[in-house]
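Reader: Please take me closely through one loop of this model. Then show me how the parts around it are built.

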Amino acid sequence: MKWKKYRLETTTVAEDLVSAILAELGVEGVEIEDKIPLSEEEMAEMFINIGPTIEPDDGKAYVSFYLDSEADSVAILDVLMAELKSFEEVMDLGSLKLEESLTQDEDWINNWKVYFHSFAIDDVLITPSWEKTDDHKNYRHVIEIDPGTAFGTGKHETTNLCIRALKDYVKPGMQMLDIGIGSGILGLMALKFGAAKVIGTDLDEQALHVTKENMEKNHIPEEDYEVLIGNLIDDEQLLEYVGTKEYQIITANIIAEVLVEMMPRVKELLAPGGIYITSGILNEKEELVSTAIKANGMKILEVNHQGEWTLIVATN
């Protein structure tokens with residue numbers, strides 16, 4: 001099916017208005033581009049750190065939407081523009097410049113796959129399901145994983161740092177807690193390295209499905225892992241359930257501010273002599289996290305860096 005894509009230049013104050021009018025016209029789903037920094041609450045919900053905003057907010061916004069190429073797009077656009085112009089005297093709408101292009105379903109379903117290829121982390125090969133390779137014999141572990149919509153393929157520096165740390169610290173039979181399990185990549189790697197059981201928590205229900213799919217692809221039995229949805233910081237019911245286990249290793253690859261808030265929980269859940277592996281920390285936030293770790297009576301064993309990211313390994 002062919003679609004017409006429209007990209008409307010407007011302002012940040014008008015982007016919600018544009019979205020609302022499009023919704024009234026039956027357009028389901030829009031893409032909004034702007035330079036408004038994420039709030040602390042939004043960053044916390046993402047549980048990942050996307051780094052500092054490079055460009056300052058210039059007040060511009062772009063709203064993209066799609067119309068069936070066979071639909072009467074002219075009529076829809078005429079109504080959209082007429083509705084917007086009725087607000088010109090009370091709101092800055094920007095240029096309202098409209099760009100048009102033609103696309104197809106597969107453009108956004110499959111084309112992104114060209115950017116994700118097999119790659120190695122030391123003696124571990126990580127490969128997507130659609131890419132076949134013949135050099136498996138050169139690696140100790142071959143992991144098949146598809147990104148889906150959950151964070152984590154192993155390619156990002158923070159995940160890469162965590163996988164290398166897991167190789168060093170996972171011992172056979174360990175119980176592991178992965179806070180912010182995402183795609184399941186860290187739990188999957190820990191099980192491959194010898195861990196006996198992984199429990200993961202996440203805020204996003206998509207983690208349930210993506211983790212299950214990735215575990216199945218790599219022949220991990222269902223009894224070896226469990227994914228729970230909720231926030232360990234304030235979900236007492238989740239904490240009560242998770243706390244019935246004793247974890248020799250805990251991982252958390254999330255933003256620094258959440259790591260600081262999570263520290264008392266980590267201290268509570270980590271077994272005596274257990275290992276805490278944490279990343280998702282921008283280099284400039286290293287001291288913030290390391291101070292919180294020490295303040296909770298834990299000892300830092302090592303600190304590693306890759307690009308602009310930091311990993312800390314600690315014990316209690």
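**A loop residue and its surroundings**

Author: His219 sits in the loop that links helix H7 (206–217) to strand E10 (225–229). Helices (H or I, at least four residues) and strands (E, at least two) are DSSP runs, numbered from the N terminus. The model is predicted: local features need pLDDT of at least 70, side-chain atom pairs count only at pLDDT 80 or more, and totals for chains, interfaces and linings use all residues. Residues are numbered from 1 along each chain as its sequence is written, and side-chain values use heavy atoms, with hydrogens and water left out.

Look at the backbone of His219. Its phi is positive, near 60°, and the residue is not a glycine. Most residues other than glycine have a negative phi. His219 is exposed, with a relative accessible area of 70%. Here, buried means under 20% relative accessible area, exposed over 50%, and partly exposed in between (1.4 Å probe, protein chains only).

Asp122 also has a positive phi, of about 55°. Asp122 lies in the loop between strand E5 (119–121) and strand E6 (124–127). With 45% relative accessibility, Asp122 is partly exposed.

Now a buried loop residue. Ser183 is in the loop between strand E8 (175–179) and H6. Its relative accessibility is 0%, so it counts as buried. A polar atom of the Ser183 side chain lies 3.5 Å from the backbone nitrogen of Ile185.

What do they share in? The largest nonpolar core has 37 residues. A nonpolar core is a set of buried Ala, Val, Leu, Ile, Met, Phe, Trp, Tyr and Cys residues joined through side-chain atoms within 4.5 Å. H7 and E10 each supply at least two residues of this core, and so do E5, E6 and helix H6 (185–192), among others. Ile277 is among the residues with the most contacts inside this core. Beyond its neighbours within four places in sequence, Ile277 is in contact (heavy atoms within 4.5 Å) with residues including Cys162, Leu166, Ile249 and Leu311. Another core, of 30 residues, lies apart from it; Leu232 and Val266 are among its members.

Finish with helix H3. Ser73, Leu77, Leu80, Met81 and Leu84 are buried there. Seen down the axis, the buried residues of H3 fall within an arc of 95° (taken from the directions from the helix axis to the C-beta atoms), so they line one face.

Definitions and conventions
A polar contact is a pair of N or O atoms within 3.5 Å; within protein, one must be able to donate a hydrogen and the other to accept it, and residues adjacent in sequence count only if both atoms are side-chain atoms.
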